[in-house]
Amino acid sequence: MSLRSSAIDTTTALKNTSGVLTLRDSGYLSREPSVISIDSSSAASEAAPIQTPTVYNGILQRKEGSIVAKKSRDPAVQLTDARTLPNQAMLSDAARASVTAAEYAIQAAFQAKLQSVKNVEWENHVDNTAPSLNFTFVSDFVLGEGVYRPEADAHVGCETCRPNMGQNIGCEYPRLCACLEYAAVDENRLQPGDQARYVQYQKDQEDDGYLADSHGLPKRFPYQRSKDPQVPSTLMKFYLESRYPIYECNLNCNCGPICKSRVVQKGRRVPLVIFKTANERGWGVYCKEQLVKGEFIDTYIGEVLTNEATGRREMLSAEDRASYLYSLDKFIGDDPDNDLTNETCYVVDGQYMGGPTRFINHSCEPNCRQYTVSYNKHDLRIYDLAFFAVEDIPPRTELTFDYMDKDEEEEEIVRKKREKDAADPKNHDKRPCNCGARKCRGYLWE
Ligand SMILES: [Zn+2]
Ligand SMILES: [Zn+2]
Ligand SMILES: [Zn+2]
């Protein structure tokens with residue numbers, strides 16, 4: 001997982017226009033295939049160039065999750081000088097509307113949307129706003145055009161595993177479980193006879209990355225579970241601290257449902273609350289219950305798009321959009337055919353569809369982190385982005401993760417860089433990070 005670092009560069013198209021589409025802007029947009037189709041034919045047919053920026057009071061249509069403006073053919077529709085917005089008609093309409101009634105209607109509409117989501121509430125003790133209604137709660141990835149994902153019954157499972165193997169530890173029997181084929185090798189359990197294999201494995205790892213052949217070597221199991229059923233499974237320290245992918249068992253494994261390697265696939269069990277933050281950081285998320293270090297919280301879901309489709313959407317978007325895009329790029333370099341690149345990997349877009357984790361805020365010193373979890377070891381393109389607590393988190397504490405995934409940096413180094421960046425005038429247009437952490441890097445994006 002990594003954030004699309006290119007997101008900012010491609011969103012500057014509309015930035016300097018104060019929200020106004022000028023003719024020059026429409027020309028810029030038309031160079032790229034895009035979901036926006038601004039009809040500029042009237043401009044081309046004018047003999048004299050139009051001096052003032054104008055917008056049509058035209059027809060808005062929904063298309064691929066975006067709003068497309070079309071020119072009206074009705075001669076009664078007037079051109080509006082975009083520099084004088086809002087115009088007189090808009091202002092008199094607004095004066096007649098009841099803001100409070102509208103806010104309550106929006107709140108009720110958001111509440112109705114949330115009804116379908118189990119164990120998630122929302123609250124706002126700061127103002128009367130609700131999260132955007134241009135967002136739909138979904139329970140799984142929604143595949144966009146050109147995105148392919150194998151069905152769950154096609155996953156390769158650990159067919160030779162039995163729940164009682166290895167003195168009843170099942171898939172934890174670290175050399176045998178086929179689901180752990182690409183899991184991290186456990187150096188602590190190497191036997192003298194493993195040495196030659198291990199040396200070869202290390203060489204292969206340099207060539208093949210996460211998919212190095214580690215057949216027969218002991219592997220690191222991802223989770224530990226207490227005998228007390230009330231205590232949640234937790235991610236092992238090695239995985240919590242490393243970026244190694246986590247492999248869970250699947251539908252086609254013979255270990256059965258009691259296997260300890262089934263955590264993220266069972267979904268969220270903790271109650272979450274989406275709330276309005278008091279310090280201008282928009283909406284945030286907290287858990288009503290205590291979370292323990294290593295506990296699974298929820299996954300990040302949304303529309304899965306091709307990179308191309310993401311690029312088209314980015315042309316239309318504001319800067320904040322980058323916060324909702326995650327490239328599924330974990331396995332780039334591991335693909336034997338080298339088909340998987342930064343250009344061909346899929347992107348998860350949580351802006352318009354997703355789950356409650358879409359509202360989790362950034363912090364430079366977060367209490368959660370996002371991990372790669374796969375149930376299908378041969379699928380390098382689609383896997384889960386799973387949030388785990390990286391420390392014990394008391395109830396009602398805001399959950400955060402690092403959008404830039406760099407929270408391991410030393411505090412002293414971060415402080416020096418922050419002070420240097422703050423003094424550099426070229427950073428003054430950047431979006432400040434208000435996370436308040438000692439390790440705050442100062443700006444949300446690089
Ligand atoms: Zn197994
Ligand atoms: Zn398995
Ligand atoms: Zn298993």
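Mentor: Begin with accessibility: a residue is buried under 20% relative accessible area, exposed over 50%, and partly exposed in between. Keep in mind that this is a predicted model. Arg 197, at 29% relative accessibility, therefore counts as partly exposed.

Trainee: What does Arg 197 form a salt bridge with?

Mentor: Its partner is Asp 213, and the closest N and O atoms are 3.9 Å apart. Arg 197 lies in helix H6 and Asp 213 in the loop between H6 and strand E9, so the pair ties together parts 16 residues apart in sequence. Asp 213 is also partly exposed, at 39%.

Trainee: Which distant parts of the chain does the pair of Glu 365 and Arg 438 link?

Mentor: For Glu 365 and Arg 438, the closest N and O atoms are 3.1 Å apart. Glu 365 is in the loop between strands E19 and E20, and Arg 438 is in the segment after helix H9, 73 residues apart. Arg 438 is exposed, with a relative accessible area of 55%.

Trainee: How many salt bridges does the structure hold?

Mentor: There are 25. One of them joins Asp 186 to Arg 189. Asp 186 is buried at 8%, whereas Arg 189 is partly exposed at 42%.

Trainee: Now the sheet. What is the order of the four strands?

Mentor: The order is E11-E20-E21-E14, in an open sheet with mixed pairing. E11 and E14 stand at the edges with a single partner strand each, so one side of each is left without a neighbour in the sheet. E11 pairs with E20 in the parallel sense over two bridges, and Tyr 247 stands opposite Ser 374 in E20.

Technical notes. Residues numbered from 1 in each chain as written. Chains lettered and ligands numbered in written order. Predicted model: local features only at pLDDT ≥ 70, side-chain atom pairs only at ≥ 80, totals over all residues. Heavy atoms only, no water. Pairing = 2+ DSSP bridges. Salt bridge = Lys/Arg side-chain N within 4 Å of Asp/Glu carboxyl O. Buried < 20%, exposed > 50% of the residue type's maximum accessible area, 1.4 Å probe, protein only.
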